[in-house]
There are 2 protein chains.
Amino acid sequence: LEAEITESSAGSLTDLGEWGLITALAARMPPGPFTSVGIGDDSAVVAAPSGSVVAAVDLSLEGRHFLRSWSSGHDVGVKAAARSLADIAAMGAVPTALLVALAAPGSLPVQWALDFAAGLGAEASRAGAGVIGGDTAQADSVLVSVTAFGDLYGLTAVLRGGASPGDVVAVAGPLGHSAAGHALLAAELPSLSEPLVAAHLRPSPPYEAGPEAARLGATAMIDISDGLLVDLGHVASASGVAIDVGTSLLADFLGDPIALAAAAISSRTEWAASPQALALDWVLTGGEDHSLAATFPPSVALPERWHVIGSVRAGDPERRGGEVTVDGAHRPGPGGWEHFT
Amino acid sequence: LEAEITESSAGSLTDLGEWGLITALAARMPPGPFTSVGIGDDSAVVAAPSGSVVAAVDLSLEGRHFLRSWSSGHDVGVKAAARSLADIAAMGAVPTALLVALAAPGSLPVQWALDFAAGLGAEASRAGAGVIGGDTAQADSVLVSVTAFGDLYGLTAVLRGGASPGDVVAVAGPLGHSAAGHALLAAELPSLSEPLVAAHLRPSPPYEAGPEAARLGATAMIDISDGLLVDLGHVASASGVAIDVGTSLLADFLGDPIALAAAAISSRTEWAASPQALALDWVLTGGEDHSLAATFPPSVALPERWHVIGSVRAGDPERRGGEVTVDGAHRPGPGGWEHFT
């Protein structure tokens, strides 16, 4: 089989055919420890030890979520897996499995698809999960749908709606790294900070921080996919509270490598404000880091990876909560990303 | 909320925005009896009473799997749900939930998306399942990914690889109806048989037949999505056996409405063979009916909805099984559908 794959990896998907493609992809995606029926039957069967399953799906579309000129097949596989797996961690659950659907042009190089499978399989393995099955189809551009599964191991799911006035707001993982990496790629300065570019192309969510937060008694949690302020807005709305972020608490996020990248970008582009303002913009509104934001009762002693960045206050009763302020003031301008606008 | 949706249903997705779209879709997709956390958080949480979950994903792409000129939004929702739910039933599991990802142009009429959600929700409900969450994105054409979940209720999953020589082969649900309906649409004769056209646009898999087969001791089972002969080939290959289909056993499938449609199509097109040959072709090779084919020990008394159509024999040891014959002979020509060729 290996020899066959090596030989055919020079061609396109049309040369390989559907069953050849599925076989070649499957060889690069380990089933993981939870799978009892994996790739090759009508459905997969995966363990759900707690008697319930946590699940989320995310699309990754060429031209919308990634460009093949910027991202390798491996990059796209890692990022597609990370986006869905972070949603599992954000409930406090342990990732168990991925289902992947891949549509692509018949002219797609087989090697790209194999690299995609390897990236997806590697990120699943990093999260402790396996790849249990999928679907393939032909399309004019590359389309990926990844469904992630997880288990709560008896813990209660941490929802968006449980934050209370007096709670602290904390973040695990970087902020603004993906946005800074995107800016470096767009300015054709990728060599300035390989880690920031990597953070954009291959985000690395802190999966273990999710179940850790659940064990510590987190009252609410969210995957930071659209930007810190937008995603805290979802928590504030669901919880009927207000959240304030203190910029003095963001010092750890605003230093290098973000500061270095902001200085370079602001000197070379038409960005009108200071490098400090650009760095703050990335940290507050940059999406796709897939770090975790959670609220905790103030009495909880937080492990080192959780950085307190703000606090929860009572919401304005007339607005039913949902306000997010920075240093007590509403921040002008868009807070992050919304589709269809 | 209802007034707001009614008003905005006249516009496009761009008018509604992402959150408006999600809210409007969610109102048309009931969460079902197994869901503890539904649409609106990072992930959903759904019951897995047996301690494991059965799961499958299928893509439905505009221009590949459906045409908006033939299929309404409701049709596409029903069919996308049915394709994935049939994979759950084909393992012997009871469907519990769907996750849906929808990408579409910003110009898509809101009413189309609402009809899609209603169709998806209706088919999920017909299967006893609910819609637990999803994802949306913008794309140049309509792309749908549906992940279905199910529970085995303590039964063992019925795989493709368990058929033994001496077993009977039986089918629950229609054969060739989707292919005949497609032919009527292509010939611009849809009024000739509304049930066949409906079978193509809105297949109606016999979900309950899956767990029923598992309880009866089915040795192998598959969802007939690519065509009877191709899908029986998957069973024969996985089981290391040969399967023979007897045309004398197909009489129930070859009568009306198939016979009527075959007579009409063969008289109006350049199809060179007889109406009988066309009908047999639809029944043996037409895909997308999402009926179930299963093998059973010969001692099993089959309920009325299971029609015996063939038998399992020992496979040729040199070929490791996989052969499918019709009346003892290999059938020339393609056996069904394969992507990327």
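In what sense do strand β9 and strand β11 of chain A pair, and over how many bridges?

## Basis of the description

This is a predicted model, in which local features need pLDDT of at least 70 and side-chain atom pairs count only at pLDDT 80 or more, while totals for chains, interfaces and linings use all residues. Residues are numbered from 1 along each chain as its sequence is written, chains are lettered from A and ligands numbered from 1 in the order in which they are written, and side-chain values use heavy atoms, with hydrogens and water left out.

## The sheet of chain A

Strand β9 (residues 241-245) and strand β11 (residues 306-314) of chain A pair in the antiparallel sense over five bridges, where pairing requires that DSSP finds at least two bridges between two strands. Within β11(A), Val312(A) is the bridge partner of Ile243(A). Strands (E, at least two residues) and helices (H or I, at least four) are DSSP runs, numbered from the N terminus.

Both strands belong to an open sheet of six strands in chain A, with mixed pairing and the order β8-β10-β7-β11-β9-β12. Because β8 (220-224) and β12 (324-326) of chain A each have a single partner strand, one side of each is left without a neighbour in the sheet. Neighbouring strands of this sheet are turned by 25 degrees against each other on average, direction ignored.

## A helix across the sheet

Helix α8 (residues 209-216) of chain A lies across β7 (168-172), β8, β10 (291-296) and β11 of chain A, and runs at about 5 degrees to β10(A); axes are lines fitted to C-alpha atoms, for helices over the stretch in contact (heavy atoms within 4.5 Å), and angles run from 0 to 180 degrees between N-to-C directions.
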